[in-house]
Amino acid sequence: SLEVSHPINEYRQKETKMEPEASSFPPTFSVSEIKNKQRRHLMFMKLKQEKRKQKMQLKKKKKKEREALGDKAPPKEVPKTIENQRVYDETTVDPEDEEVAFDEGTDEFSAYFNGLTNPQVLITTSDRPRGRTMRFCRQLATVIPNAHVYYRKGLALKRIIPQCVARNFTYLMVVNEDRQVPNGLVLCHLPDGPTAHFKVSNVRLRKEIKRRGKDPTEHSPEVILNNFSTRLGHSIGRLFAALFPQDPQFVGRQVATFHNQRDFIFFRFHRYIFKNEKKVGIQELGPRFTLKLRSLQKGTFDSKFGEYEWVLKRHEMDACRRKFQL
């Protein structure tokens with residue numbers, strides 16, 4: 001019987017012979033040169049595992065060296081991040097600056113910080129809001145003391161603002177939506193402004209948060225403002241601070257946090273408990289969302305003739321990743 005060699009069998013035999021040689025690439029070889037998609041993915045995963053092993057071995061070696069040297073070990077290297085490589089901003093606020101102190105004493109929020117006014121917040125929505133937006137507004141009202149939710153009923157904001165001022169409201173908060181999802185927030189300080197417009201993203205209601213605590217109580221929460229370092233950020237921080245009463249009720253153990261990182265403002269609402277002298281446990285109560293400042297306008301809301309202090313210009317301001325506005 002004669003054996004007929006098929007070209008496919010010859011190709012497979014050649015491929016099996018070449019496999020052990022192909023696994024060891026020359027230093028200048030790139031995985032992207034492999035035409036076969038599955039083989040390219042396998043080789044990429046192998047290279048990734050090798051790099052991870054080398055990194056772990058180097059880390060263990062450095063740890064042993066530090067333990068052997070003891071107190072003589074050199075200090076640990078500080079990792080480079082976008083935050084610690086931030087480009088210096090000329091408008092960075094110095095807490096001891098006399099000019100900043102004078103501006104704080106004469107700005108629109110001075111009456112609140114001097115204890116002359118108590119915050120009263122009116123929360124409304126865009127026209128014809130859907131269920132998710134209304135649930136978000138109701139949950140905001142449980143976070144902010146003295147907040148009341150009203151339906152818009154098609155009224156223009158220029159007609160709503162005089163009614164709010166007549167009823168002693170200090171804030172007007174408008175939650176806008178797109179495709180049944182909250183996507184914008186207008187925060188107007190009354191009666192003299194300013195007005196800030198934010199983009200809203202990553203909204204998570206209470207039912208969507210895993211391992212959340214019980215619903216918040218009516219106690220006034222503590223307020224934490226992080227990383228609002230420039231003059232613009234200082235104004236936005238004071239805008240958020242004036243939403244809450246100045247006398248937090250520590251019995252409720254509730255904290256509202258506005259954390260600014262890379263010009264994104266992350267809002268979280270927690271309840272804490274002291275387990276012992278060193279350990280503290282926290283529970284997230286919700287809701288959570290992220291804000292991005294779009295504009296800051298002098299005075300109350302006026303879309304036609306309003307004077308803007310600051311407007312986001314994406315292509316100009318976001319050109320450098322290490323330069324932040326807040």
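Student: Hey, quick one to start: is Arg288 buried, partly exposed or exposed?

Tutor: Arg288 counts as partly exposed, at 26% relative accessibility. Keep in mind that this is a predicted model.

Student: Got it. And which residue does Arg288 form a salt bridge with?

Tutor: That would be Glu284. The closest N and O atoms of the two are 2.7 Å apart. Glu284 itself counts as buried, at 13% relative accessibility.

Student: Why can two side chains pair like that in general?

Tutor: Side chains of opposite charge can pair when their charged atoms come close.

Student: What does the Arg231 and Asp103 pair tie together?

Tutor: Arg231 sits in helix H7, which covers residues 231–241, while Asp103 belongs to helix H3, so the pair ties together parts that are 128 residues apart in sequence.

Student: And how accessible are Arg231 and Asp103?

Tutor: Arg231 is partly exposed at 31% relative accessibility. Asp103 is partly exposed too, with a relative accessible area of 27%.

Student: What about Asp215, which residue does its side chain meet in a salt bridge?

Tutor: Asp215 meets Arg212, at 3.6 Å from N to O. Asp215 is exposed, with a relative accessible area of 51%, whereas Arg212 is partly exposed at 33%.

Student: Which residues are linked in a network of salt bridges?

Tutor: Glu104, Asp107 and Arg238 are linked that way.

Student: Okay, switching topic. How many disulfides does a search of the whole structure find?

Tutor: The search turns up 0 disulfides. Take Cys164: the nearest cysteine sulfur belongs to Cys188, and that sulfur is 8.4 Å away.

Student: Now the surface. Which residues gather in a patch of negative charge?

Tutor: Asp94, Glu96, Asp97, Glu98 and Glu99 gather there. If you want to find Glu99 on the structure, look in helix H3, residues 98–106.

Student: And which residues form a positive surface patch?

Tutor: Lys55, Lys59, Lys63, Arg66 and Lys76 form that patch.

Student: Where does Lys63 lie, then?

Tutor: Lys63 is part of helix H2, which spans residues 37–69. At 55% relative accessibility, Lys63 counts as exposed.

Student: Last topic! In which strand is Thr195 found?

Tutor: Thr195 is in strand E5, covering residues 195–204.

Student: Is Thr195 buried or exposed?

Tutor: Thr195 counts as buried, with 3% relative accessibility.

Terms used: Residues are numbered from 1 along each chain as its sequence is written. This is a predicted model: local features need pLDDT of at least 70, side-chain atom pairs count only at pLDDT 80 or more; totals for chains, interfaces and linings use all residues. Side-chain values use heavy atoms; hydrogens and water are left out. Patches are made of residues with over 30% relative accessible area and no salt bridge: like charges are joined within 9 Å, nonpolar side chains (Val, Leu, Ile, Met, Phe, Trp, Tyr) within 5 Å. Accessible areas come from the Shrake-Rupley method with a 1.4 Å probe; for residues, only the protein chains shown count as cover. A salt bridge is a side-chain nitrogen of Lys or Arg within 4 Å of a carboxyl oxygen of Asp or Glu. Lys and Arg count as positive and Asp and Glu as negative; His and the chain ends are not counted. The place of a charge is taken as NZ of Lys, CZ of Arg, CG of Asp or CD of Glu. Helices (H or I, at least four residues) and strands (E, at least two) are DSSP runs, numbered from the N terminus. A disulfide is a pair of cysteine sulfur atoms within 2.5 Å. Buried means under 20% relative accessible area, exposed over 50%, partly exposed in between (1.4 Å probe, protein chains only).
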